[in-house]
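The points are grouped by topic.

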Amino acid sequence: MAGTAVSGRLAWRVARLAEARVETPTARTLVFDIPGWPGHLAGQHVDVRLTAADGYTAQRSYSLAAPADGDRVELTVQRVPDGEVSEHLTGRYAVGDPVEIRGPVGGWFVWRPADPAPVLLVAGGSGIVPLMAMIRARRAAGSKALFRLVYSLRTPAERYYAEELRRPVAGLDVTYVYTRELPEGQPGIPRRIGVATLNTAGWPADFGATSYVCGPTGFVETVADILLALGHDPHTIRTERFGPSRD
Amino acid sequence: MGVVTPGFTGRAHSGDPRLPPGQYLARDFPVLSAGPTPRVRTDDWEFTVVTESGEKRAWSWRELLALPSEKFTVDIHCVTQWSKLDTRWRGVRVETLIGDLTTSADYVMARSYGGYTTNLPLADLLDGQAWVAYEYNGKPLTPEHGGPARLLVPHLYFWKSAKWVRGLQLTTKDDPGFWETAGYHDYGDPWREQRYQGD
Ligand SMILES: Cc1cc2nc3c(=O)[nH]c(=O)nc-3n(C[C@H](O)[C@H](O)[C@H](O)COP(=O)(O)OP(=O)(O)OC[C@H]3O[C@@H](n4cnc5c(N)ncnc54)[C@H](O)[C@@H]3O)c2cc1C
């Protein structure tokens with residue numbers, strides 16, 4: 001197993017919001033300045049800690065949305081209704097405001113640019129975040145590894161990184177699956193990812209691809225089961241689950 | 001105190017003394033694992049305990065169910081910050097499975113169907129602190145929660161409670177398991193917030 005052993009205590013560092021971008025009406029990309037950031041791999045996450053004036057703290061995990069770039073770290077946060085941390089980060093949290101961040105964490109759900117194997121990325125909703133970091137790391141490293149992305153969303157308005165994913169990239173195929181509402185003018189009916197989707201938009205089992213699946217639990221369970229049914233070796237399927245256990 | 005984020009007030013603190021630092025109460029039961037959920041048929045299921053000298057005990061599913069079991073109600077704490085209080089389980093105490101084996105091992109590597117591993121001190125699995133659990137809330141444990149059987153060590157972060165557990169290897173050396181190799185803490189005490197190596 002590929003591990004990134006961490007030595008010494010993972011320090012909390014003060015991060016300041018340098019830039020914020022509206023991703024969708026309910027999601028915001030936050031670019032932080034973190035002096036002394038040690039770097040990270042695509043797919044890793046960080047812990048973010050907020051402290052209130054009375055000393056109360058809350059911390060949550062967020063995937064890194066982009067590959068390492070000096071002291072800059074990028075996250076995309078989806079607003080969860082009534083969510084203690086995400087409501088603040090997608091709302092009042094403003095340029096210049098500090099938070100504390102520590103990481104990077106996780107040495108399993110990662111993609112390394114030196115790996116030439118084909119890659120299947122399957123995202124459900126905000127599960128696109130760590131997968132986008134892999135797409136961006138591939139581009140930054142000039143990797144020729146063949147990538148396919150299957151991105152499941154309720155509606156076209158919920159697409160993250162829409163502009164960037166619209167631009168064609170050699171060696172990256174993108175397939176959207178809409179579960180509630182199709183883009184205007186697109187024929188067909190909304191549906192969920194099924195065997196046929198992954199049979200067509202994924203890799204044949206004997207191509208030796210690595211699959212990265214990220215999204216809510218039910219989504220990840222379904223996709224991983226389909227990949228197994230299509231003959232993929234369980235050891236080539238890596239999963240990261242976040243969001244509620246029931247959608 | 002940490003660096004204050006202007007405008008952040010947080011949710012009214014529950015102040016529940018049973019909630020370790022940094023944890024919040026989950027209403028649902030989140031599922032976290034590194035890969036697909038293994039589906040293990042109870043007909044094929046086997047559980048083994050092997051000592052450092054190679055002495056071995058093994059149980060089939062029916063043999064496990066025939067062992068003395070107990071019902072217990074415990075709080076569980078995941079390193080991703082959620083906790084659940086008063087979860088109800090049934091299982092066999094680990095010391096029942098270790099039984100009459102002779103060992104001077106201090107550590108255990110728990111091994112799972114699907115290849116997952118996690119390391120624990122043997123002492124943490126004895127004296128009614130740990131079980132091989134096969135029922136949750138009065139029902140058979142579902143595959144996504146580790147069924148047919150999982151290790152349950154409620155006083156440590158939940159990644160130590162290996163799902164789909166298939167055996168315990170007693171060892172004299174403390175080798176890191178799956179998440180421990182990926183940067184998580186070797187012991188994982190939620191009350192001391194031992195989340196990552198070095199905490
Ligand atoms: C490895 C990992 C990576 C992640 N990456 C991302 C990412 O890239 N982007 C992203 O947006 N999210 C990500 N998440 C999810 C993120 O960590 C948070 O879970 C999410 O932002 C919600 O946090 P919150 O504080 O806003 O909501 P919470 O306050 O935790 O609430 C979540 C839900 O539970 C309910 N709830 C929680 N506590 C209580 C309580 N005490 N009483 C009543 N109801 C309660 C809330 O009403 C809500 O429905 C990731 C999670 C993990 C584990």
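Which side chain has an N or O atom 2.9 Å from an oxygen atom of the ligand? The side chain belongs to Arg60(A). The model is a predicted one, and the ligand in question lies between chains A and B.

- The side chain of Arg60(A) places an N or O atom 2.9 Å from a ligand oxygen.
- Glu84(A) takes part through its backbone, where an N or O atom lies 2.8 Å from an oxygen atom of the ligand.
- From chain B, a backbone N or O atom of Leu25(B) is found 3.5 Å from a nitrogen atom of the ligand.

**Cover and shell of the ligand**

- On its own the ligand has 960 Å² of accessible area, and the protein covers 80% of this.
- Two or more residues of the shell come from each of these elements: strand 4 (57–63) and strand 5 (72–78) of chain A, and strand 1 (24–25) of chain B.
- Strand 4 of chain A makes the greatest contribution to the shell, with 4 residues.
- There are 22 residues around the ligand, and those that come nearest are Ser61(A), Tyr62(A), Val85(A), Ser86(A) and Arg11(B).
- Sorted by class, the shell comprises 8 nonpolar, 8 polar and 6 charged residues.

- His185(B) is classed as buried because its relative accessibility is 11%, which is under the 20% limit.
- A polar atom of the His185(B) side chain lies 2.9 Å from the backbone nitrogen of Tyr187(B).
- The His185(B) side chain also reaches the backbone oxygen of Asp199(B), at 3.2 Å.
- Apart from neighbours within four places in sequence, His185(B) is in contact with several residues, including Trp159(B), Lys160(B) and Glu180(B).
- Further contacts of His185(B) include Gln194(B), Arg195(B), Tyr196(B), Gln197(B) and Gly198(B). Asp199(B), already named for its backbone oxygen, is also one of the contacts of His185(B).

**Cis peptide bonds**

- In chain A, the peptide bond from Gly103(A) to Pro104(A) is cis, and its omega is near 0 degrees.
- Pro104(A) belongs to strand 6 (residues 98–105) of chain A.
- In chain B, Gly147(B) and Pro148(B) are joined by a cis peptide bond with an omega of about 10 degrees.
- Pro148(B) is placed in the loop between strand 9 (139–140) and strand 10 (150–152) of chain B.

**Positive phi at non-glycine residues**

- Asp82(A) is not a glycine, yet its phi is positive, at about 70 degrees.
- The loop between strand 5 and helix 1 (86–90) of chain A holds Asp82(A).
- Asp82(A) counts as exposed because its relative accessibility is 56%, which is over the 50% limit.
- Glu193(B), likewise a non-glycine residue, has a positive phi of about 50 degrees.
- Glu193(B) lies in the segment after helix 3 of chain B.
- With a relative accessible area of 25%, Glu193(B) is partly exposed.

Terms used:
Residues numbered from 1 in each chain as written. Chains lettered and ligands numbered in written order. Heavy atoms only, no water. Buried < 20%, exposed > 50% of the residue type's maximum accessible area, 1.4 Å probe, protein only. Polar contact = N/O pair within 3.5 Å; in protein donor to acceptor, adjacent residues only side chain to side chain. Contact = heavy atoms within 4.5 Å. Near = heavy atom within 4 Å. Areas by Shrake-Rupley, 256 points an atom, 1.4 Å probe, with all protein chains shown as cover. Nonpolar A, V, L, I, M, F, W, Y, C, P; charged D, E, K, R; others polar.
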